[in-house]
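Here are a few notes to read alongside the model.

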Amino acid sequence: VRAILLPLPDGEVALPVEVVREVAAAPPVTALPGAPRAVLGVLNLRGEVLPVLDTTAALGGESGGSAAYAVVASGGTDLIALTASGMPAIVDLGEPKQPSETPGTAGSHLFQGRLVTVIDLPELLTHAGLGSDAPPVGTGTR
Amino acid sequence: MTVSGSEPRFRELFAEQAGPELDRMASDLLALENAGGNGIAERIDSLFRDAHNLKGGAAMVGLAEVRALAHAMEDLLEPLRAGAAAPTPEIVDQLLAAVDAMRELVPATARGEPYEVDVASMEVALRAAIPSGPPVPPEQTVPPVAPEPAGADRTPDPTGSVQVPLQHLNELVRLVGEGAGAQVRLGQRLAEQLHLDPSGVAEFRELSKVLGDLQRRATRSRMVPVAAVVEVLQRAARDLARRQGKQVRWTATGTGTELDRSVLEKLVDPLRHLVRNAVDHGLEPPAERVAAGKPAQGEIRMQVRQAGPDVIITIRDDGRGVDVQRVRAAAGVEPGTSTDEEVLQLIFRTGLSTAKEVTDISGRGVGLDVVRTNIRAVRGRIGVSSRLGAFTEFTISVPITLTVQRCLLVSSTGQRYAIPLHTVVTVLPSTQSEMMSEGRPTVWVGDRAVPASGLAEALDPAAPVDSGPVVVLAGVAWQHAFRVEELLGQRDVVVRGLSQLLPRMDCYIGVSAEADGSVVLVLDTSGLIEQARDRRGRAWSPLGPAVTAVAPPASPDRAAPHGHDGAATVLVVEDALTVRELQRAILERAGYRVLTATDGLAALAVAESHPVDLVLTDVSMPRMDGLELTRTLRSHPDLSGVGIIVVTSLASDEDRRRGRDAGADGYITKDQFDEQVLVDAVHRILGEPR
């Protein structure tokens with residue numbers, strides 16, 4: 001499985017290479033008050049404004065708080081950026097070794113002697129309160 | 001190889017050309033009923049020509065059903081054209097029904113698709129309507145009304161135009177925006193890497209100019225005149241009135257005013273609802289009107305005008321009006337707790353109906369709430385005014401375009417936000433203090449207490465509190481004051497929707513992708529206010545109709561003055577928010593205490609109630625201009641000694657003389673205006689502040 005490896009403060013995850021569009025270094029992220037917890041903010045990518053997903057928070061961990069790198073991926077209808085704390089790399093993962101329990105992931109693969117969990121992006125977005133079916137945020141009275 | 005008219009390409013072409021012809025026929029038919037004796041012959045000629053052309057074209061491309069129907073229309077129009085009959089409502093009914101049928105039949109047959117029109121029955125009905133007796137005088141059909149200006153309600157001549165899918169235009173606008181962003185980045189690159197001032201590079205200047213022109217034209221390409229939907233509304237009124245046996249005269253003015261196509265499309269349903277309401281609820285049956293001393297024929301008047309970045313649309317009927325006491329009872333509002341005007345706005349509340357009967361048109365308490373929701377969806381506002389027995393008038397205010405909005409830019413906790421300028425009521429200085437009312441912060445705006453919150457805390461309860469100026473905003477139903485960190489000025493903002501991946505967030509319209517690579521969040525005033533009110537608790541009572549906020553505040557925008565600690569006080573009178581705030585900032589920095597007002601009348605009220613040493617006034621303002629203010633102050637028993645400086649863009653010698661004659665002590669033209677000029681002028685009259 002060819003994938004992009006995303007270093008995170010507490011480990012690493014991988015995104016299937018087919019969904020990845022590009023990697024941006026040290027992108028300026030604008031906070032979006034009121035957005036779901038896992039949304040770090042929004043990013044201006046050459047005129048297109050994308051939500052930035054805090055990858056660690058989306059996977060249930062503590063918020064990383066910043067984005068050293070942003071991996072731009074197709075979230076279906078729109079692009080979305082996922083944070084990484086170190087330079088992402090293209091890798092070839094081996095066959096899945098075991099299913100993963102974390103919501104929004106699609107199994108763990110062996111890579112250079114360690115287990116790397118692969119993200120199921122549509123699932124992860126749903127789990128993080130994003131996607132076209134996400135309930136509205138705010139007063140809900142309008 | 002031969003070319004056949006029945007080839008798909010020709011049939012498609014015929015269908016494309018038939019669309020505007022059918023629109024024109026519908027428009028002409030509706031105009032016949034409103035035209036009285038004016039222009040009837042020309043309209044009938046036009047109708048006949050169009051029917052004839054449809055018949056000929058359909059025959060050429062082999063669409064027999066269309067040809068047959070057009071022929072029947074022609075037969076019915078022939079006696080009208082010959083003056084042997086007048087266009088009775090029954091004839092207009094048949095012809096409008098035929099136009100409706102054609103609108104389905106033409107594209108379906110051209111593409112070989114199924115259709116539901118019963119052509120044979122319709123032919124019979126059209127021919128059955130052909131009058132056999134002598135012509136009916138026009139006054140027995142519809143009463144005459146003043147004619148609209150020639151061509152005012154006609155579909156624009158399609159000659160020289162092509163239909164372009166809206167998504168192509170949207171893409172064009174987006175690409176132009178990206179081009180402008182790339183141009184700014186190029187300028188930065190020239191400066192950083194080649195140490196060149198971009199404005200000194202002729203090619204860069206030319207690129208900037210071309211991109212600017214392109215951006216304006218691309219935005220304009222999405223604009224369409226409101227006239228494009230008038231026929232639908234007039235038809236709705238006409239058809240319902242016919243069903244209910246009511247007589248209605250329709251007038252529409254200002255329909256050449258343009259709106260962004262996407263805004264106008266979303267307004268059609270709410271406008272149609274209001275028009276049908278006007279017929280069903282508003283207009284009385286003829287006998288009832290006559291008994292009440294009114295003409296038997298009621299009137300529905302649609303007026304459209306542009307007001308700055310907004311288009312204002314009013315729908316007014318001269319019917320029975322809204323019974324405020326019944327609204328009060330239906331809404332359970334205790335007598336004496338709200339004004340009639342406030343109660344009237346409750347008709348937009350979900351589930352509220354005062355109709356005695358439920359019909360298929362209205363009376364179920366649904367409708368006006370949906371109208372309001374639809375108008376809010378295009379960032380618009382709606383209000384209503386009415387007098388029992390006399391009229392009901394709905395006023396809708398919508399931004400001309402959702403793409404580009406004039407915004408006030410502010411910062412809060414270090415982040416920039418854009419607020420649509422048409423929702424800004426006023427700005428109060430950072431020294432403005434809040435009072436507590438029912439345990440919640442409130443500020444005085446004129447003579448009205450407005451709930452207040454920090455912008456940061458309204459967006460995120462965990463955010464720190466700002467301590468800068470207070471921006472008072474008007475949403476659809478409420479006003480609310482927000483303390484921000486800093487005002488950053490005003491400018492046009494290209495608004496894009498938030499990513500579809502994000503959940504709906506009511507406090508944002510969208511975002512602006514800035515040329516420097518940053519993002520500005522564009523606030524949705526109504527959503528923000530709702531959110532702020534939710535966070536404060538929902539115990540507030542309405543502050544009055546949002547539409548009143550369209551007009552400038554009737555009272556001074558700073559009712560609570562600073563304490564008088566010895567520094568001289570300058571009253572800045574200016575209706576333009578930016579100029580007013582600029583002058584305030586300069587004078588406060590120079591050590592003066594500053595009060596502000598938005599016109600001469602408001603200034604007079606402030607000067608009469610607070611100590612003022614100098615008045616700095618604009619000339620052109622609503623209600624009372626600066627020269628009249630100057631003369632009034634000079635003849636005022638208590639204020640005649642106050643210093644007065646006129647700041648204006650009127651720069652001729654004659655203008656200066658008029659200012660001097662009115663009694664001004666100084667005169668600054670805006671083209672020579674800068675901080676030093678203003679401060680020097682104030683110093684000359686007041687001396688330097690201590």
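1. Let's begin at a helix start. At the beginning of α17(B), a side-chain oxygen of D599(B) comes within 3.1 Å of the backbone nitrogen of L601(B). Helices here are DSSP runs (H or I, at least four residues), strands likewise (E, at least two), both numbered from the N terminus.

2. A word on conventions. The model is predicted, with local features needing pLDDT of at least 70 and side-chain atom pairs counting only at pLDDT 80 or more, while totals for chains, interfaces and linings use all residues. Residues are numbered from 1 along each chain as its sequence is written, chains are lettered from A in the order in which they are written, and side-chain values use heavy atoms, leaving out hydrogens and water.

3. Staying with α17(B) (residues 600-609), the buried residues are G600(B), A602(B), A603(B), L604(B), V606(B) and A607(B). Buried means under 20% relative accessible area, with a 1.4 Å probe and protein chains only. The cover over these residues includes β19 (569-573), β20 (593-597) and α18 (626-634) of chain B.

4. Next, T617(B), which sits in strand β21 (residues 614-617) of chain B. Is T617(B) buried or exposed? T617(B) is buried, at a relative accessible area of 1%. Beyond residues up to four places away in sequence, T617(B) touches V573(B), G626(B), L629(B), T630(B), I644(B), I645(B), V646(B) and V647(B); contact means heavy atoms within 4.5 Å.

5. Now the cores. A nonpolar core is a set of buried Ala, Val, Leu, Ile, Met, Phe, Trp, Tyr and Cys residues joined through side-chain atoms within 4.5 Å. The largest has 56 residues, and those touching the most other members are L15(A), L32(A), L53(A), L82(A), L455(B), Y508(B) and L528(B). Leaving aside neighbours within four places in sequence, the contacts of Y508(B) include L32(A), P33(A), Y417(B) and L521(B). Another core, of 49 residues, lies apart from the largest one, with A241(B), V248(B), L267(B) and L274(B) among them.

6. Finally, the interface. In chain B, 31 residues are in contact with 35 residues of chain A. About 2700 Å² is buried between chain B and chain A, 58% of it given by carbon and sulfur atoms; this is the accessible area (1.4 Å probe) that two parts lose on being put together, summed over both. How many salt bridges does the rule find across the interface of chain B and chain A? The rule finds zero, where a salt bridge is a side-chain nitrogen of Lys or Arg within 4 Å of a carboxyl oxygen of Asp or Glu.

Key. Buried < 20%, exposed > 50% of the residue type's maximum accessible area, 1.4 Å probe, protein only. Polar contact = N/O pair within 3.5 Å; in protein donor to acceptor, adjacent residues only side chain to side chain.
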